[in-house]
Amino acid sequence: PLIASFYLSEFDEWLKRKKYKHVRYADDLIFFLDSKEQCESVFLEVEQQLKNIQLSLPRIDEESKTQIIAPYQPVTFLGLDLSYENEQYNWYIPSHIIANVEDSLIELTSISKNIQKKLTFSKTINRMEQIVLGYAHCYKDAESKNLKDFRNRLCDTQSKAINMLFKNLGIDISKVQTDHKSYLTLVFKTRQFIDKFYTGL
């Protein structure tokens, strides 16, 4: 991002003069315009400005990174979904992100695969916490409408994965006493750590 900001400084100044509503981060750029015709016109302007600094812009196409999106259609930008609702834009953490977390955690419930990877029980639990806390940290500053739900789903998904791990070991975790769970390192501080990331929500 720093190198991009330096290289695109003249382009950024041009954008300021044009007063187009836009967001740019590194080489990702999105405009908020009034019509399809204006989008096409601005595209040609931007294309020319980038040519001036030896950069190219993909053509507008459904299969291209450069697309014209209607206001009612959600668009993914910088890893977040942007949706137009009640005359304003709102950010959402994409549903596929929580699916990625679930897939990563469920994969760690396979005893045979863990043995092949030389993952002991404690290492498996630590790996689960690293995954959950990693995603929590990644999105902690996202001003998204579903941030609280995302936080809760991270913790719930981890709990389900742990239960599945024990089930695969032949242990019904619901029948294990609380102090025994602590002995088995099942009383985690993950939710406490995640709550710190989201202070003020």
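Glu 107 sits in helix α4; helices here are DSSP runs of H or I with at least four residues, strands are E runs of at least two, and both are numbered from the N terminus. With a relative accessible area of 39%, Glu 107 is partly exposed, a label for values between buried (under 20%) and exposed (over 50%), using a 1.4 Å probe and protein chains only. Before going on, note that this is a predicted model, where local features need pLDDT of at least 70 and side-chain atom pairs count only at pLDDT 80 or more, while totals for chains, interfaces and linings use all residues. Residues are numbered from 1 along each chain as its sequence is written, and side-chain values use heavy atoms, with hydrogens and water left out.

What does Glu 107 touch, leaving aside residues up to four places away in sequence? Its partners are Asn 114 and Lys 117, where contact means heavy atoms within 4.5 Å. Look also at Ala 161: it is 54 residues from Glu 107 along the chain, yet their C-alpha atoms are separated by 9.0 Å.

Now hop over to Asn 114, in helix α5 (residues 111-116). Is Asn 114 buried or exposed? It counts as buried, because its relative accessibility is 4%. Skipping residues up to four places away in sequence, Asn 114 touches Glu 107, Leu 108, Leu 119, Thr 124 and Leu 165.

Next, the helix pairs. The axes of α4 (residues 95-107) and α6 come within 10 Å and cross at roughly 170 degrees; axes are lines fitted to C-alpha atoms, for helices over the stretch in contact, and angles run from 0 to 180 degrees between N-to-C directions. That makes α4 roughly antiparallel to α6, the term for angles over 145 degrees. On the α4 side the contact is made by Ile 97, Asn 100, Val 101, Ser 104 and Leu 105, and on the α6 side by Met 128, Ile 131, Val 132 and Tyr 135. By class, that gives seven nonpolar, two polar and no charged residues; Ala, Val, Leu, Ile, Met, Phe, Trp, Tyr, Cys and Pro count as nonpolar, Asp, Glu, Lys and Arg as charged, and the others, Gly among them, as polar.

Helix α6 (residues 121-138) has another partner in α7 (residues 147-168): their axes come within 10 Å and cross at roughly 165 degrees. These two are therefore roughly antiparallel as well. The α6–α7 contact includes Phe 121, Met 128 and Val 132 of α6, along with Phe 150, Leu 154 and Ala 161 of α7. Its residues divide into 12 nonpolar, two polar and one charged.

So what about the interior? In soluble globular proteins, nonpolar side chains tend to be buried together. Here the largest nonpolar core has 24 residues, and Val 101, Leu 105, Met 128, Phe 150 and Leu 154 are among those with the most contacts inside it. Such a core is a set of buried Ala, Val, Leu, Ile, Met, Phe, Trp, Tyr and Cys residues joined through side-chain atoms within 4.5 Å. The elements giving it two or more residues are α4, α6 and α7, with the largest share, seven residues, coming from α7. Another core, of nine residues, lies apart from it and includes Leu 8, Phe 11, Val 42 and Leu 50.

Zooming out, the chain has nine helices and five strands, and buried residues make up 30% of its 201 residues.

How values were computed
Angles under 35 degrees count as roughly parallel, over 145 as roughly antiparallel, 65 to 115 as roughly perpendicular and the rest as oblique.
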